[in-house]
Amino acid sequence: MSALAMIRHNLQPDKHNNADTQTTYPSGQIWRLISGASLWKAAGLPGAGKEENMSNHLKNATSPYLLQHAENPVDWYPWCGEAFEKARREDKPIFLSVGYSTCHWCHVMAHESFENPETAEILNRHFISIKVDREQRPDIDSVYMAVCQAFTGSGGWPMSIFMTWDKKPFLAGTYFPVHSRQGMPGFADLLRAVAGQWNGRRGELLDSADQIIKLLKPSEAPCGNPDEENLCERAVQIFARSFDSAHGGFGPAPKFPVPHNLLFLTLYAARMDRPDALEMVEKTLTQMRRGGIFDQIGHGFCRYSTDKYFLVPHFEKMLYDNALLILAYAAAYALTRNSLYLDTAEKTAQYVLREMTAPEGGFYSAQDADSEGVEGKYYTFTRDEIIAVLGEEKGRGFSEAFDITKRGNFEGVNIPNLLRSKAVDAAWEKEAQKLYSYRKNRARLHLDDKILTSWNAMMTAALCALHRVSGDGRYLRAAVSAQRFLEENAAHGLRLRTCWRDGKASDQGFLDDYAFYAAALTELYHSTLDRRYLEKARALCEEAVKRFSDRQNGGFFLTDANNTELFMNPKESYDGAVPSGNAVMAYNFVRLYQLTEEEKYRELAEGQLRYMAARAREYPAGHGMFLLAKLIYDNPPEHVVIALKNGADLEKIKTRLPLLANVIPVRDSLQYPLLNDSTTFYICENHVCRAPANTWQKA
């Protein structure tokens, strides 16, 4: 029996749902330790002794996640050459732990295992332990998440990987309790078993590593025809089959917002005159707005709903969710003029500007779900608290409106929501402000204050869109300030850096940084008509082609095409919590072609659309951002050339720019003569041009 098979023989299947992942482990994929103690004894490993006095190597990290573990008794290293060399020199396997600072189950495993002297002693004696912040190193996270999914059938955080010093994985999982319970394998026993196999039958482990690497080596599908599969309509049909018409959202609990899918459905409804697609969007946006996933007191959206009603959230708030949801609500408002959607987008933006914005202009990454070790404590109330803060009369009225009861709607306490109410939150704005001040003094949230380039770009784009539908200059000013921050701190010419914190930028940049930043610059151009943003977007896209493109098979690698330290370089095309970098690059090329009408961008757009079409063929509903780009390419928005009489006219035009249009101001009176000696609009749509006019009818 091989070493890996021996471990598996002693690890039997069970079912485990990890709250920080979007999926549930299927039966037969997670292993339960049965006789780890006998394996440990048979391997001749020493018993747990006194913890060695070893320094922790995370104290100088910039990542809040790594700093959370800087005082652990585990001798953690960051991902660095020193750690791998030490493992080689001391002939030890690597234990790699990947997570992020606001991850609830990361906190649980840290408290149970990494702060535990017994477990730390085993790790320090038999392993070299490495901590990685998935948000700083998306390449490491992507590669080893594929490994985790191959071993377990799913994935999530914390991610636990066992591998060799040359980075070859031989075992993977996610959260493990320190001791076996409820059919879940105990981490301490698992460590002993793995160490025993490493010392006793290592050859088979190395064979297992080679097999998993061979399995994960990508096989390239040929590029497809974006039209041949009717991908957009097939995606809409898939969404319709999983749509929850009673409660909004798609599929069973847990329910994730996936706002880029809502953006696609909104545009599809508008372009194809499909009220059924819009109905799915509106029901979902309304239920989320009225549910507990939306913070009715301080605003902004939590990560996802643990139930089918959008009542009970996983309470952490992520910058990217709120950015993409602002876009989704702004787009729905632009199409329907339903004030609820604009109000929701604005309240979400106000939350971000109030709580998630650095003094320098960038946006922080996330707020934790836990307060004082309790998930959701910051956000929940008892009915007595409500009455104590608001008084008897107002307290009872607020409680009735927001589903606050003595019994509670969540583990004996209450999540304010409007799901059972006909009330609107505006009627209780003063009371909500009092409760907001009260809860800020009652408990504190951990803030992940690192500033990520790709996530900041998403929020910049969202604020630009919100500015165009609302006309409120605050949002555009915040977007301009954030872009200026990125330019000064995360960009060195055309070389982007993924992360900035505490005055230091990270060393690397990845495809997503370029893709999302270029998209944000395009949105800034659409909001300001300042060509400097457009030229910068062009330059970044061309730099991305140089650095990340797969010239042989199409598409884009996550990291530099010829400079990866891992056993594979991912080419992510499937949308997850955020759109894939490859999908956003398709969007960028489409927009650049429509704005510049340059042949090179048409070729890039069509090539990337063909590449993505092949990947979307099997399950088009998993590629919403690509489908959005395809829709815009197939059904271009208005192309508006504005022949300007003077600069004052341009300033007036900027205040009423539509959400989606290709607007180009010019002062070329020869090619675009002025009609009636006044600013003139040359408008084309659906391959047809209208007569020049002095007014722009469509807003």
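This is a predicted model: local features need pLDDT of at least 70, side-chain atom pairs count only at pLDDT 80 or more; totals for chains, interfaces and linings use all residues.

Modeller: Start with Cys 689, which counts as exposed because its relative accessibility is 54%. Residues are numbered from 1 along each chain as its sequence is written, and side-chain values use heavy atoms, with hydrogens and water left out.

Now the partner. Cys 689 is joined to Cys 684 by a disulfide (a pair of cysteine sulfur atoms within 2.5 Å). Here the S to S distance is 2.0 Å. The link of Cys 684 and Cys 689 is right-handed, with 100° about the S-S bond. Cys 684 has 22% relative accessibility, so Cys 684 counts as partly exposed.

Next, the strands around this link. Strands here are DSSP runs of E with at least two residues, numbered from the N terminus. Two strands pair if DSSP finds at least two bridges between them. β22 covers residues 680-685, and this strand pairs with β23 over two bridges, in the antiparallel sense. Across that pairing, Glu 685 stands opposite Val 688 of β23. Both strands belong to an open sheet of four, in the order β21-β20-β22-β23, with mixed pairing. Its edge strands are β21 (662-666) and β23 (688-689), each pairing on one side only.

How many disulfides does the structure hold? There are two. The other one joins Cys 103 to Cys 106, with an S to S distance of 2.4 Å. This link is right-handed too, with 80° about the S-S bond. Cys 103 and Cys 106 are both buried. Number the bonded cysteines of the chain in sequence order, and the pairing reads 1-2, 3-4.

What about Cys 541? Cys 541 is in no disulfide. The nearest cysteine sulfur is that of Cys 464, 16 Å away. Cys 541 has a relative accessible area of 2%, so this residue is buried. Cys 232 has a relative accessible area of 8%, so Cys 232 is buried as well.

Notes:
Buried means under 20% relative accessible area, exposed over 50%, partly exposed in between (1.4 Å probe, protein chains only).
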